[in-house]
Amino acid sequence: MKMQAMRGWAAVHKWSSLVCTAFLLIICLTGLPLIFSDEIRAWQEPHIYDPMPAGTTATSLDVLAQAAHTLYPGEVVTSIYMDDDEPQAYVWLAPTFEALERDPPSQHYLRFDSRTGKLLERSQRLSEEPMGFMTWMRRLHTDWFAGLAGELFLGFMALLFVVAVVSGTVLYGPFMKKQAFGSVRTGRSARLRWLDLHNLLGIVTLVWASVVGFTGLVNELSTPLFALWQRTDVQELLTPYHGQPQATRESLAGPQAALDAAQAGAPGVHFGSVIFPGSPFGSPHHYVLWGKGDSPLTSRMFRPALIDARNADVTALPEMPWYLRALQISRPLHFGDYGGMPLKWLWAVLDLITVVVLGSGLYLWIARRKTQALRTAQTKDTTEVRP
Amino acid sequence: MSSPGNFQSTWTMPLLLALLTLFGLLAALLGTGVWHALAWLALLVPIGTGLRYSLWPNARGLTGRTKSDGPSRSDHR
């Protein structure tokens with residue numbers, strides 16, 4: 001490689017790393033418990049259910065929505081979420097749909113046994129819920145308590161991390177020219193040893209770090225990507241409804257009818273949530289249902305159904321645009337939650353190795369040798385003639 | 001990156017580990033059952049390689065000492 005190009009890559013590696021390392025260290029450390037968030041949640045708040053014969057059918061969603069209305073007559077049901085893994089359903093409420101849009105933490109939920117309709121839990125408003133350890137971890141990992149601005153900022157840090165990984169890989173070549181793979185020179189200075197470790201651990205985690213870094217970036221873009229879809233494809237589907245008054249609660253078809261209609265319209269899809277008409281996350285004239293497929297891949301790809309709020313006709317089963325498919329496939333690839341417990345442990349180890357790569361990179365920079373001088377010296381094979 | 005031989009000996013292991021990682025990440029995503037087990041094994045290889053050379057840098061044997069154009073142990077230089 002030409003000396004000049006190499007200096008350029010070294011500068012790119014240095015600056016992209018320097019800017020993102022502190023944030024990436026926090027992201028790696030907070031990401032560690034997040035890998036096991038399901039297990040930690042189950043341990044913090046074990047859910048216990050009455051024994052019921054297997055295959056007991058679920059209670060009608062209309063019954064759950066009605067129960068919620070009876071408990072909170074002045075509020076609106078905004079959505080129902082049915083769990084796959086446990087026989088539970090969450091009915092979400094807010095003071096009004098406007099309040100939900102203005103102040104999302106004003107919402108709260110009721111948790112029901114989805115088979116018996118028995119009320120299991122009544123949450124406080126999210127604004128009043130004490131922030132748990134896992135919420136802290138998630139916010140520090142994703143948005144630094146700053147909402148969209150924080151998401152975009154940390155997304156940019158993820159981009160810099162990917163740039164650092166790529167530039168580091170470019171530098172690996174000339175750097176390892178005279179060295180056997182995996183050689184760690186322990187006899188000389190600590191700096192040289194850490195340099196070799198940085199190169200070694202960086203190159204063995206290359207693909208994992210690139211994938212998790214890039215999918216992290218995509219995940220941080222979820223808010224604008226969904227907004228884009230709402231403003232384009234969804235608006236198009238809603239055009240025929242322009243000017244129509246919003247359905248009143250009395251004229252609604254009901255969530256169970258909407259679920260049945262969606263299920264009949266898309267047999268391969270398992271619908272797990274219903275967004276009520278009027279919700280800022282749905283449509284004024286539809287129940288919006290979200291479902292997923294039954295193959296390993298399609299079970300990660302959520303699909304919506306728009307069901308007419310009044311007569312429960314299927315208005316549309318839209319295909320997701322490419323950018324939302326990319327977002328959906330980015331989730332498992334970032335979370336590591338798609339290959340059983342062993343994959344989670346592998347994710348944790350790779351995360352810790354990345355911490356070592358980041359830490360050693362920082363150390364190498366602090367250890368006073370400018371990366372630039374270092375890389376160029378290496379090509380002449382005159383590194384570390386001095387202690 | 002001068003001679004092709006050089007390039008090859010530098011990049012053989014990284015490329016192999018990259019392909020194994022890629023296979024592991026995709027096998028777990030696209031398959032179930034035995035594919036998950038294969039994914040775990042595939043991802044163990046880069047981790048194991050990294051840990052082996054980090055923790056026992058002076059141990060002999062295993063792969064990776066394939067440099068043809070220099071001493072096999074760099075600290076002998």
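The second largest pocket has a volume of about 330 Å³, a volume being the space filled by probe spheres set on grid points that are joined across faces, edges and corners. A pocket here is an open set of points on a 1 Å grid over the protein atoms alone, where a 1.4 Å probe fits, with protein on both sides within 12 Å along at least five of seven lines, and its lining residues have an atom within 4 Å of a point. Of the 17 residues in this lining, H69(A), R249(A), L252(A), F276(A) and Y287(A) are the closest to the centre of the pocket. Two or more lining residues come from each of α3 (61-71) and β1 (76-82) of chain A, and α3(A) gives the largest share, four residues.

This is a predicted model, in which local features need pLDDT of at least 70 and side-chain atom pairs count only at pLDDT 80 or more, while totals for chains, interfaces and linings use all residues. Residues are numbered from 1 along each chain as its sequence is written, chains are lettered from A and ligands numbered from 1 in the order in which they are written, and side-chain values use heavy atoms, with hydrogens and water left out.

Turning to the two chains, the contact (heavy atoms within 4.5 Å) takes 42 residues from chain A and 37 residues from chain B. On the side of chain B that touches chain A, α1(B) gives the most, with 13 residues.
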